[in-house]
Structure formats: structure tokens, C-alpha cells
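Open the model in your viewer and keep the selection tool at hand. The tour goes stop by stop.

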Amino acid sequence: TSAALFQSFGEKPGLVALMDDFMPRLLQHPLTRPAFEPSNHTHVKAQLVEQFCQLLGGPCQYKGPDMKTAHINFEVSKAQFNALVELLQQSMRARGIAFAAQNQLLAKLAPMHRDIISPP
């Protein structure tokens, strides 16, 4: 059930902890740092918590912009997107999130790449 999926991420506190692990990784990686360094890290983490909470079947309502609007001026490459996914997987592993739950989240995020990656 989606409630079980949300619980496997530690509910909202678990998502906050996940983003606290994820953001430093984004800021350290040469492919993702340029996109995230100038951003308001607290705001980005809060938006990701809300979005993931909703995607995972939690009681949250993501109110931020859709992915196309949010990334329109960023020129995100496939390599940058793939690096972000890899860093998210590292953060999920570091937080002890079960592999099956990780895959369920990644499956929900995968369709977004069309709206995030800029056309070549």
C-alpha cells in the first residue's frame, strides 16, 4: 500500500533526514553543484520533502511549480539528471531505505525526466 511505502521512508521526518543527506551530496558533485549552489537550499529541501511525501502516498500536498516550469531556465543535461538520481540512491542507501522502496520511488520519479531534461 502507499501508506506502507511512505512509512518505509520514515514518513515526513525520514524524508527530512533524507534531504539533509541528499543536499550536501548535490552540492559536492561537479555535475549537480552548479544548479544547486545558488539555490535556497532550505527551500529546495522543503519542496522535495513535500513532493516526495505526496509521491509516496503521504498526507502532503506539493504546492510547488510543476517540473517543466521549475526547470525551464536550468538547461539540465541527461548527465546531470543521471548524477542526481545516483546521488539520491546513495542517500537512500545511507538512510537504510529498503531497495524495493527505493525502486518504487525511482519509478515514480522516472517519468519526470521528460520535463526536467532540456532538449539537446
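Helices here are DSSP runs of H or I with at least four residues, numbered from the N terminus. This is a predicted model, in which local features need pLDDT of at least 70, side-chain atom pairs count only at pLDDT 80 or more, and totals for chains, interfaces and linings use all residues. Residues are numbered from 1 along each chain as its sequence is written, and side-chain values use heavy atoms, with hydrogens and water left out.

**Stop one: leucine 15.** Select leucine 15, in helix H2. Is it buried or exposed? Leucine 15 has 0% relative accessibility, so it counts as buried (under 20% relative accessible area; exposed is over 50%, with a 1.4 Å probe and protein chains only). Now show its contacts, meaning heavy atoms within 4.5 Å. Leaving out residues up to four places away in sequence, leucine 15 touches Phe6, Phe9, Val49, Phe52, Cys53 and Leu56.

**Stop two: H2 and H6.** Select residues 11-28 for H2 and 78-94 for H6. The two helices pack at about 140°, their axes 9 Å apart. Axes are lines fitted to C-alpha atoms over the stretch in contact, and angles run from 0 to 180 degrees between N-to-C directions. From H2, Leu18, Asp21, Phe22, Arg25 and Leu26 meet H6 residues including Leu84, Leu87 and Met92.

**Stop three: H7.** Select residues 99-109. Ala101, Gln102, Leu105, Leu106 and Leu109 are buried. Look down the axis of H7: these buried residues fall within an arc of 135°, so they line one face. The arc is taken from the directions from helix axis to C-beta atoms. On the other side, Ala100 and Ala107 are exposed.
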